[in-house]
Amino acid sequence: MAKKVVMRWSMQKMVWMICQILQNKFDCFIVIEGNRGLGKSTLAIHLARGVSREFRKMGIDAYRFNWKNSLIYTKKETKRFWHKWKSNGIGDEMINVAFNRDFYDEEQKDIIKMINMNRDHGNLFQACVPQFQTLDSQIKQLCKIRLTVVRRGVVIVQTPNRTIYVKDRWDTATNEKIERTWLAKGIKNPHYAKLTTFRGIMKFSKLREKSELRYQEVKDHKRNLVAKEEMGIDVDDEKMEDPYIVGMDMLVSGKVRNGTFLDGFAQANGIIPATFKAGLRSRLQKRGKDHKVGNYYWEKKAKDKESGSI
């Protein structure tokens, strides 16, 4: 049997393909997934700046990259972005906006409606998440290109299959079965070309030191905005570096609605939800506080109050 030739993507070729999609008057929704620290944001910035440069070469004043406006963290910023035309945005921690269990969140519902309604606005939007499967199902359906960072500087390029009757264009069940065989066999370097959505491999480099510093500056500032505007907490920079301290502050002050909120917060910080909750229980116990995390949820307290149990 002939060996399957794996397509090698260059950064320039990927940028060119994105520009082609945008020039055809379609939006381009890209999801970049991967573990924390592998360079998802770095890749997104390379692509965003590359697209901006290409359009400038064509004499088109659109898709400009701006550190302050193009890096998006809050739900308010996300809503504003989808009202724009021919804009260039990076949802740097999109899990805060599109976590698949935040079904109760009205703002999330509004954002999904806006993305659907404004698909003719021709925007480029890149969503950085720890895992594609944790996204809302509608968001996954809107994704045109899925970039999986498997290790620093190496990306697996995936696109949805063209289907008529099959609802899951990402062929999740089949690809999950393939991946489980790799896990069972202990394969450390999987043959990703076996995935039905696989389209090739791409490499990318680190940001230059000046750009990295600029990115960190904007990220730190906007993470504080998320904490204050959307989570109702006011913590200093030192505390912001420890998600467990932030989590305890939210629990004890009654700012956590239920377990799904904590799951989303854990995912946004690159922590497995079960591990995060176990860590919170341990820390609460050491402080001599009630270590049953669920007892702090204000949604539970409200129900208990209504039933007269408290």
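Reply: Contact here means heavy atoms within 4.5 Å. The model is predicted. In these terms, Pro 243, Val 246, Gly 247, Met 250 and Leu 251 of α11 meet Phe 261, Leu 262 and Phe 265 of α12.

Me: What makes the residues of that contact nonpolar, polar or charged?

Reply: The contact of α11 with α12 divides into seven nonpolar residues, one polar and no charged. Gly counts as polar, whereas Val, Leu, Met, Phe and Pro count as nonpolar.

Me: Why are α11 and α12 called roughly antiparallel?

Reply: Helix α11 (residues 243-252) and helix α12 (residues 259-268) pack at an angle of about 160°. Angles over 145 degrees count as roughly antiparallel, and α11 and α12 are therefore given that label. Their axes are 11 Å apart, and α11 passes α12 in a right-handed crossing.

Me: Why are α1 and α2 called oblique to each other?

Reply: The axes of helix α1 (residues 11-23) and helix α2 (residues 40-57) cross at roughly 60° and come within 9 Å. Roughly parallel needs an angle under 35 degrees, and roughly perpendicular needs 65 to 115. The pair α1 and α2 is therefore oblique. The crossing of α1 and α2 is right-handed.

Me: Which residues make the contact of α1 with α2, and how do they divide into nonpolar, polar and charged?

Reply: From α1 they include Met 11, Gln 12, Val 15 and Ile 18, and from α2 they include Leu 43, His 46, Gly 50 and Glu 54. The contact of α1 with α2 divides into ten nonpolar, four polar and one charged. Glu counts as charged.

How values were computed: Residues are numbered from 1 along each chain as its sequence is written. This is a predicted model: local features need pLDDT of at least 70, side-chain atom pairs count only at pLDDT 80 or more; totals for chains, interfaces and linings use all residues. Side-chain values use heavy atoms; hydrogens and water are left out. Axes are lines fitted to C-alpha atoms, for helices over the stretch in contact, and angles run from 0 to 180 degrees between N-to-C directions. Helices (H or I, at least four residues) and strands (E, at least two) are DSSP runs, numbered from the N terminus. A crossing is left-handed if the near helix is turned anticlockwise from the far one by less than a right angle, and right-handed if clockwise.
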